[in-house]
Amino acid sequence: MRAWLLRLATVSVLWGAAVSGPAAAQAPSKPFVFTGIPDQDESRLVERFGKVATYLEGKLGVPVRYIPVKNYPAAVTAFTNGQVQLAWFGGFTGVQARRAVPGSQAIAQGAEDAAFKTYFIANAATGLQKSADFPKAIAGKTFTFGSRASTSGRLMPEFFIRQAFPGQTPEQVFERVGFSGDHSRTIQLVQSGAFAVGAVDYSVWDLDSKAGKVDGKSVSVIWESPTFPDYQWTVRGDVDATYGAGFTEKLKAALIGITDPAILEPFGRTKFTPVTNAAYEPLVEVGRSTGLLD
Amino acid sequence: MAEPAIRLANASAAYGGRAVLDGIDLVVHPGERVAVMGRSGAGKSTLIGLIQAQIPERVALVPQAAALVRTLSVFHNVYMGRLDRNRTSHNLRTLVWPARADLDAVRAVLARVGLADRLRDRAGALSGGQQQRVSVARALYNGRPVLLADEPVSALDRVQGGLVLTELARTHETLVMALHDVSLALSHASRIVVVEAGRIALDAPSAGLDAAALRRYFVDEEAFA
Amino acid sequence: MRLHVLPGILPAPRWPRPGYAAVSRWFAILGLAALLAADLHVTSLHPWSDLERLLGGLVRPDFLAVEGASILYTVAFAVLGVGLGAGAGFLLAIPYARFRAVRIACAFLRAVHELFWALLLMQVFGLSATTGILAIALPYAGICAKVYAEIIEEADLSALRVLPAGSDPVSAFAYARLPEVLASIRAYTFYRLECGMRSTLVLGFIGLPTIGFYLESAFRQGRYGEAGALMLVFYALIGTRRLWVRGWTLPLLVLGAILALPPMVGSTDVGASLARFLGHDIVPAPLRHASLLAPDTWLETWAALWAWFRPILTGQILPGTLQTLVLAQVALVATAIGALVLFPLTARHFAGPVARPFGRVLLVTVRSTPEYMLAYVALQLLGPSMLPAILALSIHNAGIIGYLMGRHADGLTYRPDAPRGLNLYAYETVPRLYGQFLAYLLYRWEIILRESAIFGILGVATLGFYVDAAIAELRLDVAAVLILATALVAIAVDAASRALRRSLRIADLPVRLASTDTPRSSAPVTA
C-alpha cells in the first residue's frame, strides 16, 4: 500500500518537474552563451574558450558562459535553437549555421583564416614524399578525414580529391575512408598507421607539432592545399534585441580588439579581423558541388 | 404474489460450441432459499453465472474459488463488496487510509464469520477455510438482496458450514447456492433444484425430500467419496 | 518449478514445426554468411599496447580527476527519466491490450534508440536536462507500457470478476488488479533504473554532462587513469543499486534528482524551435514549400518526393539496413557461442567454489558495461570496422545471457548418477536449458539490432552511420526518414523473434531480466 502511494507521489512530482523544469532553468539576467566546434584536443578548447569567456565578460558587461559540445553538428544545433548566441565555427559549419538562422552574421575571423590551408599528411611507411602538385599516388590507400562537417578536414579535401579524380567519390578513390572526428585524432591515426593518409587543419598541425605531439619520423606533410576561407566568429541576428542596441558592434570590436597572446595562442591565430558573410560564398559553391549542401 | 426475484425462461449456455445448459426454466421468488445440486460438470456454476448475468445489479456473489486479492488486507477484500456504492475518491482513499466507520462496519461483518481479529492480516496469509469465510463476508458486506453462492462452504466442516449458511440467510432475502452436501442443503434450503446433463432434473420444496431421494443423483460421486 | 524439461538438440518428432536444432542451424548458417560479408579489418597497428594502457587505467585509477557532479547528473537523469517513462508507461499499459493504436505508438517509442531520441530532442531543447530526461523517458515509456501490460494480463483476474456490478473502473483497477501486479511492476521498474543509468552514461558521449561526457574525453585523449576511475565509479553505482534504490528511498531520490539537475547554460526558445523542427526541419525538403491543398500540383509533389526519397532508399536505407542486419546476425551468433561458453563459470556444478564468485563478478561487470561504451573503446583500439562492434555486442550480451543461464543451471536437479564435467554439460545441462537459451537469445535479437544500428554513429556503416551523416549535413528530414526506417527494421525483427518463439513453443518462458535479479533466490526464475 505504502509502495503504491509512493509511486503515485513519484509520478505526480515527475510530471510537475517536467512541466516546470525548463522554465525554472531560465536565469533572470540572461547570460551571453557561446560555443565552438570541437576541432582538436579538448584540453586546448577549454583553455582557449575559458580565456575568451573571461575576456568578453569584462568587455561586454553581461555574464558570458562557454558551453562545450561533443561534435560539430551539436555546435550548429546549439546555434540554431538559440542556446548559444555566438560560435567559433569552421568555414562550412558557419555557412550551415547562417543558412539555418536568417539574420546571423560572420563578424570576425582569424588573420590566418582568410587564406587557410589543408595539409595532406601521410604515414612514413607509405613512402610518399612532399610534392607541390596534388599527390595522385594516394589513390588506393586508406584515408581519413576529420569531422564530417569540417572545412579543412572534410569539405575542402573532398573537393580537391574530386577535382583530382574527376567523376569519383572519395570512397571510390581510396581503399577505405574514415572520419576521425577531429584534427588531433587525424594526426594520431595517421601517425600510428591506422590510416595511411589524412587531411588535417594546418593550424592544428602546427599547434600539435609545437606541443611535441607529432613524431616527425612517423608522419609528415605531403601536400599543402590551395587556400580557402575558414574559421570565423558568427553571431545571431537577435542579440541586439536581447542585449541592447549596438551589442553586435560592441562584440565585434571586442573580438577584433583581442591582443593578448595568451588568448590568441591557443587559437593558433595572430589576431582577429572583421569579416562578412560574403567572404564565405565560395564555400557555399564547394558545398553544393560536393553534395554536402542543397 | 410478488414479482419474482429471478426469472429464467428457456435459458441456455454453451462453452466453445458445447451446450452446458439447455432449456432452463427457473422462477425464484423473494424469500426463497434455493440449493442447486448435481454432479460436478452438470452445470451448477453455469446456472449461477446465468442468473448473475441477468440481474447483476441485485446480486451479491460468493464465487467458487475465494477469489481474494492476496496482497491486500482482509479489510480491503471485504470492503470491495461495496466498491460500487462509494465514490472513486473515497475508494482510493480507503486503499491508503481507511475511515473508522468503514473499519467498524467491516469488522462487524467479519465477526459474523468468526474472523473479526484478522481484519488487518494479508488475505494471502490466511488458510483456505479462512479465505472462503472472507469471501462470504465480502458478499455479506455487499448486502444485495439476491445472494448467489457457488459452493460457499466447501472448505469448511459441516458445523462451521451450517453457521455460515445461517448467516447468509439472515441478511439476504433470496438465496441461490450451489451445494454438494446433501444434509446441509436439506437443512438450509427451502427448495432443491437438481441439474443433470444441462437440464433441470428435479425442482421441489426441500420439505418433501430426504437424503435418500437426492442421493440417486450423485451415484458416481458416492463411489469417490 | 516452471522450467520445462524439453528435449534439446533433437527436434521432438511430434512437432511438425522447425525444432531447436533447425532454428539454431539456420541462425548459425546466416551468421557465417554474414561473417563473410562483414568488414573485419583491423586498422589500428597497436591494439594490444592501447588495451594494456586502458587496463592499466583500471588498475591505477585516478579518482581525483573524476568530476563529482557528473555522477550526480547520471543518477538524476536516470531517476527522473525512468520515473517519467515508467509513469507514462503505466498509464499507457492500461489501454495497451485494448487499443491497437497504443500498441503501435509504444512499439515505435521503444524501437527508436535513446541516442536517436536525444539527437532529435537536442534540436528543440538544446543541451539541457529536459533533453536528457526525455531521451530516456520516451523509449522507456514504450518498453514499460509493454512489459506492464504483460504483467497486468498475466495477473489473476478472479477478484475482478467478483466485484459488485457497477464498480467504477478506476476503483476496480486499484483494488482488484493493481495489488496483484504491484510487486512485479516494482521489481521491473527498479531493474529499469539500472538500464537507465547505462543509457544516461551513453548520452554523455553526445554532450550531456553525465559520466559518459568525461569518459569520452578521457578515452579520446588517452587519460586512461581518469577513464578507469570513472568506470569504477559507474560499476559501484550499478553494483550498489539494491542498497539505495528501495521503496522508501524513492521520494528522496526523486526530490534529490530534481534539486541536483544541472542548470541549463543559456536557453532555447522551445516554442519557436519546436515549430521550426516539426514544421520545417523534419518535413521532407520537397514538401516544405509545396502547397498540399492544391490538387493540381499533387502529381508534381509526389514526383519530387520520390526523386528525393529514391536516392535515400537505394544509397542509405538499403545498404544501411543490410549492414545492420549483417552486424546483428554475426553478433547474435557470437553472443550465443559466448553465452554457452561462459555460463558454466557461474554455475555450481561446473565452476568450483573459487572460480564461481570470480565468474559472477566477471559476467556482472560486462553486463553493467553499456555496449555503446564497449564499442567506443573497441573502435578506438581496433579502428572503424565491424569487428569492434561485434566484440562489444557479443561480450555484453553473452555476459547477460551467460549469467541468467548459470542461474537456471543451478536450478536444475540432476539424477544421482548423472555424469560430470563436459558430459554433464553436453548431455544434461545444455539440452535441458536449450529452450530457455533460445528464448533469451531471440529476445535479445531486437535489442542487438537496435544497438547495431546505433553503432553507425561510431563509424560502422550501419543505419546510424547515415543518420550521423544526415545530421552533420543538417538534413534533419533525411535523418528522420532514416530513424523511421531503423525503427521499422527493429519492429520487424521483434515480430520475427516473437513468431519464432511462438512456433518453437518457448514464448512463455521468462525473458525479462528484472525478476531474475534477486541474488537471494537461487531457485529457477519465473517472470
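How many residues does the contact take from chain C and from chain A?

## Contact of chain C with chain A

In this predicted model, chain C gives 51 residues to the contact and chain A gives 48 residues. On the chain C side, several helices supply at least two residues each, among them helix 3 (68-96), helix 6 (129-154), helix 8 (169-203) and helix 20 (463-472). By class, the side of chain C that touches chain A has 27 nonpolar, 19 polar and 5 charged residues.

## Domains of chain A

The domain assignment divides chain A into domain 1 (32-114 + 229-289) and domain 2 (117-224). Their C-alpha centres are 26 Å apart. Domain 1 of chain A brings 18 residues to the contact between them, and domain 2 of chain A brings 17 residues.

On the domain 1 side, helix 3 (72-80), helix 4 (91-100) and helix 12 (281-289) of chain A each supply at least two residues. Helix 12 of chain A gives the most, with 4 residues. The residues of this side of domain 1 comprise 6 nonpolar, 8 polar and 4 charged.

## Sheet of chain A

Chain A has an open sheet of 6 strands, ordered 2-1-3-10-4-11, with mixed pairing. Strand 2 (64-66) and strand 11 (272-274) are the edge strands, each pairing on one side only. On average, neighbouring strands of the sheet are turned by 25° against each other, direction ignored.

Strand 1 (residues 32-36) and strand 2 of chain A run parallel and are joined by 3 bridges. Val33(A) has Arg65(A) in strand 2 as its bridge partner. Helix 2 (residues 42-60) of chain A packs on the sheet and touches strand 1 and strand 2. The direction of helix 2 makes about 170° with that of strand 2 of chain A.

Key:
Residues numbered from 1 in each chain as written. Chains lettered and ligands numbered in written order. Predicted model: local features only at pLDDT ≥ 70, side-chain atom pairs only at ≥ 80, totals over all residues. Pairing = 2+ DSSP bridges. Axes fitted to C-alpha atoms, helices over the stretch in contact; angles between N-to-C directions. Contact = placed C-beta atoms within 7 Å. Nonpolar A, V, L, I, M, F, W, Y, C, P; charged D, E, K, R; others polar. Domains from an automatic or database assignment.
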